[in-house]
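Open your viewer and keep the selection tool ready. This tour goes stop by stop, telling you what to select and what is there.

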Amino acid sequence: MGSVTPARVTAPDVRSRKGDGPPLVMVTAYDAPTARIVDEAGADLILVGDSVAMVVLGHDDTLQVTTEEMAHHVAAVARARPRALVVGDLPWLSYHVSREETVRNAAALVRAGAGAVKLEGGRKRLDAVRAILDAEIPVMGHLGLTPQSVHALGGFRVQGKELEAARTIVDDAVALAEAGCFAVVLECVPDAVARIVTDSVPVPTIGIGAGRHCDGQVLVLHDLLGLEDRTTPKFVRRYATLKADATAAVARFADDVRTGRFPSSGETYHMADEVAEALDLTDLSDTRA
Ligand code: KIV
């Protein structure tokens with residue numbers, strides 16, 4: 001019997017994991033090789049986050065990325081045919097202008113290969129959530145530090161530390177779940193807030209900088225792998241030092257090239273001697289082996 005391909009994870013599968021089984025694992029990916037890494041490692045969800053703007057495209061915030069760029073990255077991830085659910089992040093201004101634009105932009109990410117979309121904000125964004133759900137597209141919410149609001153929030157900082165702010169996050173989470181979101185990301189909130197939200201909503205919470213009481217955890221791949229090492233937020237745990245390892249590897253390549261150790265004969269295509277002689281190329285062949 002041949003091996004059976006494992007079923008792809010769907011938004012209802014994720015929703016059904018509330019209070020059941022081990023915590024959900026979500027990791028970002030932005031192209032086919034990173035999607036393969038995350039999927040083969042067994043993540044439940046791949047988030048094609050608008051963090052692509054910062055960790056891949058070199059911007060200082062997430063506000064610079066467009067729906068077209070997000071669709072480009074979602075499509076690259078989807079081509080890896082991951083088992084994990086692919087969640088496409090709706091970028092800033094893609095769901096703020098009109099219901100029609102919101103649905104079209106969400107559909108662009110689905111056509112590119114996403115099985116769900118994520119958007120930032122609470123009760124203020126319920127119309128957008130409902131419009132997308134009406135188009136039969138599953139929606140993941142995102143509360144707490146919502147990086148698309150960086151200017152309104154006055155910077156990237158922990159949210160919900162004061163009583164009123166904490167209550168707002170809890171009420172927003174309840175409203176998103178009631179509207180039909182299948183999961184909610186909680187970013188940079190105190191663990192007590194994440195615990196109350198997690199206990200208050202019937203859908204999984206997925207935390208980043210939100211402590212251990214969430215139903216799942218998410219990290220940005222480049223942080224987790226140490227590919228992005230310019231800033232290290234408190235909540236990031238690095239499992240590798242890929243930036244340092246990659247820099248050392250490229251430096252060794254440069255050294256091998258400069259000292260004539262690369263390429264070797266084994267890394268070179270050769271032709272039969274007699275053909276080379278006939279071409280009068282013998283003197284060019286393999287002198288550096
Ligand atoms: O864009 C992103 O990577 C995110 C995560 C930080 C949750 O939204």
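**Stop 1: helix 5 and helix 6.** Select Arg99, Thr102, Val103 and Ala106 in helix 5, then Asp127, Ala128, Ala131, Ile132 and Asp134 in helix 6: these residues meet. Contact here means heavy atoms within 4.5 Å. The residues of this contact divide into five nonpolar, one polar and three charged. Ala, Val, Leu, Ile, Met, Phe, Trp, Tyr, Cys and Pro count as nonpolar; Asp, Glu, Lys and Arg count as charged; the others, Gly among them, count as polar.

A word on what you are viewing: this is a predicted model, in which local features need pLDDT of at least 70 and side-chain atom pairs count only at pLDDT 80 or more, while totals for chains, interfaces and linings use all residues. Residues are numbered from 1 along each chain as its sequence is written, and side-chain values use heavy atoms, with hydrogens and water left out.

Now show both helices whole: residues 99-112 for helix 5 and residues 126-134 for helix 6. Helices (H or I, at least four residues) and strands (E, at least two) are DSSP runs, numbered from the N terminus. Two packed helices are described by the angle between their axes and the distance between the axes. For helix 5 and helix 6 the angle is about 55 degrees, and the axes are 9 Å apart. That makes helix 5 oblique to helix 6. Angles under 35 degrees count as roughly parallel, over 145 as roughly antiparallel, 65 to 115 as roughly perpendicular and the rest as oblique. Axes are lines fitted to C-alpha atoms, for helices over the stretch in contact, and angles run from 0 to 180 degrees between N-to-C directions. Helix 5 passes helix 6 in a right-handed crossing. Right-handed means that the near helix is turned clockwise from the far one by less than a right angle; anticlockwise is left-handed.

**Stop 2: helix 8.** Which residues of helix 6 and helix 8 make the contact? Pick Leu126, Val129 and Leu133 on helix 6, and Ala175, Leu176 and Ala179 on helix 8. By class, that contact has six nonpolar, no polar and no charged residues.

**Stop 3: a loop residue.** Go to Glu136, in the loop between helix 6 and strand 5 (139-144). Glu136 has a positive phi of about 70 degrees, although it is not a glycine. Most residues other than glycine have a negative phi, and most peptide bonds are trans.

**Stop 4: after helix 11.** Select residues 242-258, the 17 residues of helix 11. Just after helix 11, Gly260 takes a positive phi of about 80 degrees. Next, click Pro263, in the loop between helix 11 and helix 12 (273-278). The peptide bond from Phe262 to Pro263 is cis, with omega near 0 degrees.

Technical notes: The expected span of a helix is 1.5 Å times one less than its number of residues.
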